[in-house]
2 protein chains.
Amino acid sequence: MSRFPIGVFDSGVGGLTVVRALRAAVPHRDIVYLGDTARVPYGTKSPRTVERYALACQRFLLAREVDLVLVACNTASANALAALSAASPVPVIGAVVPGANAALAASPSGHIGVIGTLATVASGAYEAAIIAAAPPAMKASIRVSQLGCPLLVPLAEEGWTDGDIAERICRRYLEELATLDSAIDTLVLGCTHYPLLAPVLTATARTVWQRDIAVVDSAAAMATCARHAIAPADATAGPGKLSCFVTDASRLAELAPRFLGEPLDAPALVDL
Amino acid sequence: MSRFPIGVFDSGVGGLTVVRALRAAVPHRDIVYLGDTARVPYGTKSPRTVERYALACQRFLLAREVDLVLVACNTASANALAALSAASPVPVIGAVVPGANAALAASPSGHIGVIGTLATVASGAYEAAIIAAAPPAMKASIRVSQLGCPLLVPLAEEGWTDGDIAERICRRYLEELATLDSAIDTLVLGCTHYPLLAPVLTATARTVWQRDIAVVDSAAAMATCARHAIAPADATAGPGKLSCFVTDASRLAELAPRFLGEPLDAPALVDL
């Protein structure tokens with residue numbers, strides 16, 4: 001049994017959706033969370049800069065003796081996972097491969113849509129991971145269509161997660177995605193902020209494609225993956241502790257409950 | 001006559017609206033522009049972090065022998081102008097004081113609305129500057145109401161500057177501002193991205209307050225202020241040159257023409 005915490009980092013507050021899923025999956029493990037709120041968002045930055053920032057985040061977690069690193073940020077997973085894995089003595093789990101596997105399991109047709117930040121989409125990481133993980137007989141019929149949706153992060157942070165404006169923004173993006181592939185049956189939420197918009201995205205997707213669309217949340221897939229990757233904690237020790245760090249005193253404390261689904265003690269400020 | 005360039009910095013691409021106004025105001029002066037695209041946006045960061053980043057930007061410009069620094073970023077102007085001025089041997093002009101003066105000149109009633117980033121609004125800098133600049137007899141009747149509008153920056157960057165979604169988002173924000181003061185006659189665009197949304201904000205403000213609202217663009221006010229602050233350039237030398245630097249290879253080249261109103265040579269990448 002492990003006495004070490006699990007480390008989770010994200011560019012900001014969004015990764016708390018991963019922590020939420022992780023606390024449900026491994027309730028007795030301690031978790032150290034780092035939100036790089038001074039440099040959020042990663043999603044509009046170049047691969048080189050994203051990699052540099054992600055490595056700094058991981059160094060902070062490794063110094064806290066974590067025995068597993070979860071890269072909650074899809075942009076960092078898509079652009080820096082190889083560098084992160086190479087630099088870590090403990091396993092590193094990104095968002096993309098678990099999300100890709102979950103999408104394949106959900107999609108009968110292999111026509112999969114991915115929405116995320118501009119940097120995640122530009123990396124092509126989801127498409128590569130989905131094709132790599134597909135059974136050989138299915139590879140030829142896989143079709144992955146992607147769209148960057150820059151307004152969805154501020155929309156989720158503003159808390160405008162239902163109603164008219166959220167519906168219209170989601171419809172505009174999904175209609176654009178439908179012009180790329182009208183046969184999509186599965187939609188991957190390729191950004192940790194998007195689970196907050198899952199209800200409106202699910203409803204809008206049904207309208208746009210005129211059928212039920214499976215909506216895949218990478219956060220849940222990552223938590224499942226983590227549960228299989230680690231030694232169990234001592235269940236008699238009670239619920240695991242969540243320690244939270246940020247690189248800038250931001251709105252995290254205000255926004256956290258919305259993403260985490262529970263109150264959060266004031267995060268500690270660190271300089272990377 | 002000065003042979004030195006004017007330095008302009010912003011957290012990202014938005015400051016090019018100031019460069020556009022500046023090139024119209026002082027067409028023969030060279031301009032050095034720095035967009036801190038690796039750390040954009042400043043608007044959600046703490047005052048301490050904004051100040052640290054802004055000082056680094058200014059050092060870069062001073063090393064290029066500028067004889068005037070324009071802080072195009074409203075967030076940096078609101079949170080770091082005193083520190084920037086103290087650290088500079090040449091004059092520093094921020095966005096807030098010129099914007100405040102322009103608002104006072106435009107507002108018969110003294111009921112002024114300010115929209116900007118969360119950090120600009122939290123600083124209270126516009127309210128302080130407007131009250132400080134008001135004539136003594138008018139001070140008591142000044143009323144400044146502010147609102148942070150986080151969706152407007154990504155909306156401008158996405159290019160969704162007219163149509164249904166832009167109208168609804170602007171209306172939602174301005175209706176919230178109207179609950180703070182139903183007698184506003186002047187609206188300050190307290191962020192360099194907002195001039196792109198000026199038409200929809202002007203139309204929406206008229207609907208919300210049911211009268212014409214004067215919309216004040218800080219970028220234009222800064223350019224006028226700069227023209228009065230500097231020695232003229234040699235007009236016979238032809239049009240001034242614009243040199244552009246960024247801290248991350250971002251969408252700046254793609255977005256620039258929308259903000260600058262003219263094509264832009266590929267910016268050079270620098271590490272601060």
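This is a predicted model: local features need pLDDT of at least 70, side-chain atom pairs count only at pLDDT 80 or more; totals for chains, interfaces and linings use all residues.
Over all chains, 15 salt bridges were counted. One group of charged residues draws on both chains: A:Asp164, A:Arg168, B:Asp164 and B:Arg168 are linked in a network of salt bridges.

Helix α9 of chain A, which spans residues 164-180, also holds the pair A:Arg171 and A:Glu175. The side chains of these two residues form a salt bridge with an N to O distance of 3.8 Å, which lies inside the 4 Å limit applied to such pairs. Because A:Arg171 and A:Glu175 are four residues apart in the helix, about one helical turn separates them. Both partners lie in the intermediate range of accessibility: A:Arg171 has a relative accessible area of 34% and is partly exposed, and A:Glu175, at 41%, is likewise classed as partly exposed. These assignments follow because partly exposed residues fall between the 20% limit for burial and the 50% limit for exposure.

The corresponding pair in chain B is B:Arg171 and B:Glu175, whose side chains meet in a salt bridge at 3.8 Å, N to O. These residues are four apart in helix α9 (residues 164-180) of chain B, so that about one helical turn lies between them. The relative accessible area of B:Arg171 is 34%, making this residue partly exposed, while B:Glu175 is partly exposed at 41%.

A salt bridge in another setting joins the side chains of B:Arg29 and B:Asp67, with an N to O distance of 2.7 Å. B:Arg29 is located in the loop between α1 (16-25) and β2 (31-35) of chain B, and B:Asp67 in the loop between α2 (47-63) and β3 (69-71) of that chain; the pair therefore ties together parts that are 38 residues apart in sequence. Both B:Arg29 and B:Asp67 are buried, whereas B:Arg171 and B:Glu175 are partly exposed.

Terms used
Residues are numbered from 1 along each chain as its sequence is written. Chains are lettered from A and ligands numbered from 1 in the order in which they are written. Side-chain values use heavy atoms; hydrogens and water are left out. Helices (H or I, at least four residues) and strands (E, at least two) are DSSP runs, numbered from the N terminus. Buried means under 20% relative accessible area, exposed over 50%, partly exposed in between (1.4 Å probe, protein chains only).
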